[in-house]
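Thanks for coming. I will take this one in pieces, strands to start with and the contact between the chains at the end.

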Protein chains: 2
Amino acid sequence: MAHTGTHSQPVRACLLLVVVSVWVQQVDGVWPLPQQLDQSADRNSLSPQRFSFTYGRDSAAQTGCSVLDAAFKRYFSIIFPDFTKGSENGLQYMWSEPQPFVVSVSVKTRGCDGYPDEDSDESYNLSVSEGQAVLRSVTVWGALRGLESFSQLVYQDDYGSYFINKTEIVDFPRFAFRGLLLDTSRHYLPLHAILKTLDAMAYSKFNVFHWHIVDDPSFPYQSRTFPDLSNKGAFHPFTHVYTQSDVMRVIEHARMRGIRVIPEFDSPGHTQSWGKGQPNLLTPCYKGDVPSGSFGPVDPTVDTTYKFMESLLKEVKFVFPDSYVHLGGDEVSFACWQSNPNVRTFMEKMGFGKDFTKLESFYMESIMNMTAALNRTSIVWQDVFDYHERIPQDTVLEIWKGETYQAELSRMTKAGHRVLLSAPWYINHISYGQDWRNSYAVQPQNFSGTEEQKKLVIGGEVAMWGEYVDATNLNPRLWPRACAAAERLWSDEEKTLNADLAFPRLEKFRCELLRRGIQAEPLFVGHCKHEYDGL
Amino acid sequence: MAHTGTHSQPVRACLLLVVVSVWVQQVDGVWPLPQQLDQSADRNSLSPQRFSFTYGRDSAAQTGCSVLDAAFKRYFSIIFPDFTKGSENGLQYMWSEPQPFVVSVSVKTRGCDGYPDEDSDESYNLSVSEGQAVLRSVTVWGALRGLESFSQLVYQDDYGSYFINKTEIVDFPRFAFRGLLLDTSRHYLPLHAILKTLDAMAYSKFNVFHWHIVDDPSFPYQSRTFPDLSNKGAFHPFTHVYTQSDVMRVIEHARMRGIRVIPEFDSPGHTQSWGKGQPNLLTPCYKGDVPSGSFGPVDPTVDTTYKFMESLLKEVKFVFPDSYVHLGGDEVSFACWQSNPNVRTFMEKMGFGKDFTKLESFYMESIMNMTAALNRTSIVWQDVFDYHERIPQDTVLEIWKGETYQAELSRMTKAGHRVLLSAPWYINHISYGQDWRNSYAVQPQNFSGTEEQKKLVIGGEVAMWGEYVDATNLNPRLWPRACAAAERLWSDEEKTLNADLAFPRLEKFRCELLRRGIQAEPLFVGHCKHEYDGL
C-alpha cells in the first residue's frame with residue numbers, strides 16, 4: 001500500500017503538509033442544508049483501511065438489519081470510490097500511520113424490514129469528533145439521512161487523502177413528503193434509469209418516488225390480472241414494459257434508500273393506452289348518431305368499469321406496499337362523454353343535468369371509496385377538488401396548476417385536506433440559464449390561512465413529465481435542478497431563502513454528484529475535479 | 001448461423017413472409033434530404049455475410065486509400081451492428097440463401113491523404129439496384145457523403161433481416177461550409193466527447209468543426225511554444241488540457257469523416273485565461289492613477305503583444321492544417337483600455353481620438369495581416385466589420401448578433417466579403433418544446449442584395465457555447481436539434497421549408513442516431529426500437 005513508502009521521507013512529508021494545509025479548502029457543505037450544522041476547522045484524517053461503520057451498543061438495529069447493512073456497504077463505496085475500485089494506491093499517500101475511524105450508528109426502533117411511510121421519523125443527530133462519529137436516530141430511515149450527510153462531510157485533498165472536520169448536526173425534514181415524479185408512459189424509461197434516479201434522489205434526501213407509470217401514450221405496467229393492458233397498450237410488449245419483477249426491484253431499491261414508491265394509475269382521463277387491452281373500458285365517442293371510432297375517458301356509466309377498476313386497484317395494493325396510491329383525475333375532456341347518448345341518458349338518470357364535472361366527481365368518488373375500502377389513502381390531482389369540494393377527508397390533494405396555487409392552497413387546507421404542491425416544480429419545463437433559482441422563491445406555506453392550515457401542506461413534488469424526456473436527457477435535466485427543490489423541502493425555510501447563497505454549495509454538491517456517477521449538468525462556467533466520464 | 005435451421009420449415013417461412021411484408025414499413029428517409037431522391041418499393045435483402053464495399057475499376061482511389069478503407073469498415077459496423085458485435089445469429093433469420101450485395105465506390109480524384117477544404121467537391125451519385133449499389137463522386141469527401149446516405153437507406157424488419165430499396169440519388173450540398181462550434185473553455189470537454197461529436201456531425205453531413213478552444217475562463221490548448229498558457233490558464237494543467245497528441249487525434253478523426261477543423265484563438269477580448277501564463281500580454285486596468293490589479297483585453301499598444309501573437313499563430317498554422325483560422329474579435333470591452341494611461345497616449349499618437357473601435361481595428365488588422373502572411377484565411381466575428389468596414393477582402397465574416405442579421409448579411413456581402421451565418425443557430429439557447437423547428441424558418445440568402453451577393457454566403461454554423469454545457473449534457477442538447485440546421489445547410493431550400501414535413505423524417509433519423517450510440521434526445525412522445533442504453 002502507498003503509505004509504506006512515505007515513512008522514509010519524513011522531511012519531505014512535513015514540508016508538503018504545510019503546502020497541503022494551504023491548498024485544502026475546508027469543505028463544509030451538506031446538501032440539503034441541515035437544520036443545525038456546526039463545524040470547526042479541526043479535522044480528522046480518514047483512511048479506508050481503518051474505517052468502519054458499526055452499530056451502537058444501545059441500537060435497536062444490529063448486524064443483520066438489511067437496510068443499514070446495505071447502507072454501510074454503499075456509503076463505504078461512495079466515500080472511498082478509489083479504494084473500492086481496487087486501486088488502493090491510486091492517488092492516496094499517507095503521511096503517518098492511519099488512525100482508525102468508527103461511525104457508530106444507533107437507532108431507537110428496529111423496523112429494518114418495513115417500508116418508510118408518511119409518519120416515518122427521519123430526524124437524526126450526527127456528532128463527528130476525533131476518530132469517531134456518532135449517528136443517532138429514531139428510525140433506520142433517519143439513520144439513512146444521517147449517513148448521507150456524513151458521506152458529504154468527507155473530502156479529499158489534492159493527494160487523495162481523506163478528511164472530515166469536527167461537526168455537530170441536528171437535522172430533520174421541514175416537510176414529510178418530498179417527492180419526485182417520473183413519467184414512464186410518454187417515453188419508456190429503462191429500469192436502470194429509474195434505479196439511478198432513486199440513487200440520486202437519496203443523495204438529495206427525496207423520500208417519495210411518484211411513479212406516473214401509465215398514461216395515454218403507453219401502458220408499460222405488466223399487470224398480472226390484465227396482461228393485455230401492456231401486451232396491447234405498451235410501446236412494445238416485451239422491450240417497453242415493467243414486469244412484476246422490475247417493479248419489485250424498484251420498490252426494494254427505493255426501500256433500501258428510505259424512499260416510498262407511490263404509483264399513479266390516472267383515470268378517468270389519460271387512459272387512451274388502457275383501451276387497447278381492455279375493451280369496453282373507454283367511452284366510445286359519437287359523431288352525430290354513430291360511434292366515430294375514437295374513444296374518450298373511462299366510461300363511468302357501466303358496471304364493468306368499476307369491476308375492472310376494483311380488480312386493478314386490488315392488484316396495485318398487492319404489488320405496491322405504500323399506503324398511498326395516486327388516482328389521477330386530471331384534465332378530463334368532457335366532449336366525448338357529451339357526444340355519447342348512453343352517457344347523456346345516465347346523466348339524466350342521475351340528475352346531473354349538463355354538468356359533467358358531476359359525472360367525473362361521481363366516478364372519482366367511486367374509486368376513492370374503493371381505495372379507502374382497500375385501506376389505502378388516495379392522492380388526486382387538484383381537478384377533483386375543484387369540481388367537487390366535498391370529497392373524503394383523508395384524500396391528499398396535489399396542486400399542479402401554476403397560476404393560482406396560493407389561492408388553491410388556501411381553499412384546500414380550509415376544507416381540511418392535506419395538500420401536496422407540485423405546480424412550481426414542473427421541472428420538465430426547461431429554459432436557458434439557472435432556472436433552479438426559481439425554487440428558492442417558492443413558499444409552500446405562504447398563503448392566507450391558519451397555522452393549522454399550514455400544517456396540512458405535507459410537502460411537494462418535482463415533476464418530470466415525459467413529453468420531451470427519455471433516458472437520453474433525463475439525468476442532466478433532473479440534476480442538479482431538482483436538488484434546489486429538495487433543499488427547499490428539507491431545510492429550514494429562513495436559512496435557505498437565498499439562491500445566491502445556495503449557489504456555491506450547489507456547485508460543490510453537483511461535483512459530488514458527478515463523482516458518484518450522476519450525469520448532473522453544470523450550473524455555470526467552471527469545472528469539477530472529477531468530471532463526468534460516463535460517455 | 002440462424003438461417004441453417006429455417007430451411008426445414010419452408011411453410012412457416014412462407015407464411016411469415018406474408019406477415020413481414022405487411023409489417024415492414026418502407027423506410028425512405030435520408031437525413032439531410034438529398035437534392036434528388038427516387039425510390040421504389042422494390043427491395044433487396046442484404047446479409048452481412050455476403051455484403052462488401054469495393055472500389056470501382058475506374059476509381060482513382062483503390063485499396064490503400066486511408067479515408068475510404070476506414071470508411072468501409074466504419075459503415076459496415078454501422079449498418080450491421082449486431083453482426084459486428086459478434087452475435088451473428090442475434091435477431092437475424094434468413095428465409096433463403098443470402099444473395100451477395102456489393103457497393104462499388106468510384107472517385108475521380110485520389111486525394112486520400114489530404115484534408116477537406118473550402119473547395120472540396122462533396123457531390124455524389126448513388127444508384128442502388130439488385131445486388132449492388134454504385135456510388136460515384138469527384139472526391140473521397142463526396143464518397144463519404146454518399147456512404148452516409150447509403151447507410152441510412154438500409155433498414156431491418158422485425159426479424160432482424162436487412163433490406164434496401166431500389167434508389168437513385170443525385171446529391172450535393174447547398175452550402176460549402178456547414179459548421180458546428182464547440183466551446184472548450186467555459187467547460188472542458190473530454191477528448192472522447194469531441195470525437196463522438198465528430199461522429200454525429202458526419203451522420204448529418206456537417207463538414208466543419210469550429211473549435212472555440214480557448215476563452216476567458218480557461219486555456220486548455222497545450223501550446224508547445226508557450227506551455228505556461230495551459231499550465232497556468234487551464235482549469236487544471238494535467239486533466240483539463242488538450243495535448244498536441246489530443247489535437248492531432250481530433251484533426252485525424254475529423255479528416256476521416258471529411259470534416260475540417262478550424263481553431264479559434266479569439267482576441268483581443270475573451271483572453272482573461274491567456275494572461276495567467278503570459279505576463280504583460282493583457283492591458284492592466286487602472287483605477288485613477290494606479291493599476292487596479294485586474295486586466296482587460298490584450299494590450300494592442302506594445303510590440304511584445306504582436307511578437308507573441310505571431311509566434312502563437314505560427315504554431316497554430318503548424319498544428320492545424322486547415323487554411324482557415326478564426327481570430328475572434330468579438331465583444332471587446334473598452335473600459336480597461338480607456339483607464340490605462342499608456343493606451344490613451346498610444347491613441348493620441350495614432351490619432352484615434354477617443355474612438356476605441358479604431359484601436360481594436362488597428363489590432364485586428366495587424367493580426368489579420370500576420371495570418372495572411374502565414375498563408376491562412378482569417379475568419380472574424382462581425383464586430384470587426386462593424387467597427388471598420390475596410391478589412392482585407394478575403395476575410396470571412398461570421399454573424400452572431402441575432403436581431404439584425406439580414407441587414408448585416410446585406411452590408412457584408414455588398415462589401416464583397418464571404419459570410420458565415422451563426423446568429424439563428426445559437427443552439428446553447430434552449431427552450432421548452434420543439435425549438436429545432438426554428439431552423440426551418442432561417443433563410444440565409446433572404447436579404448436584399450444581388451445574386452452575386454447571395455453567393456457570398458458560404459454557409460453557417462451551429463454554435464454550442466459552453467456556459468451551461470459540458471460532457472453531461474452536450475449530446476442531448478446537440479442532437480437532434482443541430483440536425484435541423486444541418487439539413488437546411490445541405491438540402492434544397494424549397495424542399496425543406498416545412499418543419500412539419502421534416503418531423504417524421506427527423507424522428508426516424510433520431511432513432512437511427514440512438515442505434516448508433518448517440519445520446520440524441522426525443523422530439524416528442526413515442527419510442528424507438530433501439531432505445532438509448534448508454535446509461
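A definition before the strands: two strands pair if DSSP finds at least two bridges between them. Helices (H or I, at least four residues) and strands (E, at least two) are DSSP runs, numbered from the N terminus. This is a predicted model, in which local features need pLDDT of at least 70 and side-chain atom pairs count only at pLDDT 80 or more, while totals for chains, interfaces and linings use all residues. Residues are numbered from 1 along each chain as its sequence is written, chains are lettered from A and ligands numbered from 1 in the order in which they are written, and side-chain values use heavy atoms, with hydrogens and water left out.

Take chain B and its strand β10, residues 260-267. Strand β9 of chain B, residues 208-212, runs parallel to β10(B), and five bridges join the two. Within that pairing, B:His210 stands opposite B:Ile262. β10(B) also pairs in the parallel sense with strand β13 of chain B, residues 324-328, over two bridges. There, B:Ser267 has B:Gly328 as its bridge partner.

How many of the eight residues of β10(B) are buried? Buried means under 20% relative accessible area, exposed over 50%, and partly exposed in between, with a 1.4 Å probe and protein chains only. Eight of the eight are buried, so the strand is largely enclosed by the rest of the structure. One face carries B:Arg260, B:Ile262, B:Glu264 and B:Asp266, the other B:Val261, B:Pro263, B:Phe265 and B:Ser267, and both are covered.

Now β10 in chain A, residues 260-267. Eight of its eight residues are buried, so this strand too is largely enclosed by the rest of the structure. Five bridges in the parallel sense pair β10(A) with β9(A), residues 208-212, where A:Phe209 stands opposite A:Val261. Two bridges, again parallel, pair β10(A) with β13(A), residues 324-328, and A:Glu264 has A:His326 as its bridge partner in β13(A).

Next, salt bridges, each a side-chain nitrogen of Lys or Arg within 4 Å of a carboxyl oxygen of Asp or Glu. The whole structure has 50 of them over all chains.

One joins A:Arg178 and A:Glu122, at 2.9 Å from N to O. A:Arg178 is in strand β8 of chain A and A:Glu122 in the loop between β3 and β4, so the pair ties together parts that are 56 residues apart in sequence. A:Arg178 is buried at 1% relative accessible area, and A:Glu122 is buried at 5%.

Another joins A:Glu467 and A:Arg186, at 3.3 Å from N to O. A:Glu467 is in the loop between β17 and α17 of chain A, and A:Arg186 in the loop between β8 and α6, so this pair ties together parts that are 281 residues apart in sequence. A:Arg186 is buried, with 9% relative accessible area.

An α-helix has 3.6 residues a turn, so residues three or four places apart point the same way. B:Arg515 is partly exposed at 22%, whereas B:Glu512 is buried at 15%.

Last, the interface. In contact, meaning heavy atoms within 4.5 Å, are 43 residues of chain B and 43 residues of chain A. The area buried between the chains is about 3,700 Å², with carbon and sulfur atoms giving 61%; buried area is the accessible area (1.4 Å probe) that two parts lose on being put together, summed over both.

Four salt bridges cross between chain B and chain A. One of the pairs across the two chains is A:Arg477 with B:Glu521, whose closest N and O atoms are 3.1 Å apart. On the side of chain B that touches chain A, the elements giving two or more residues are α6, α17 and α19 of chain B. Of these, α17(B) gives the most, with three residues.
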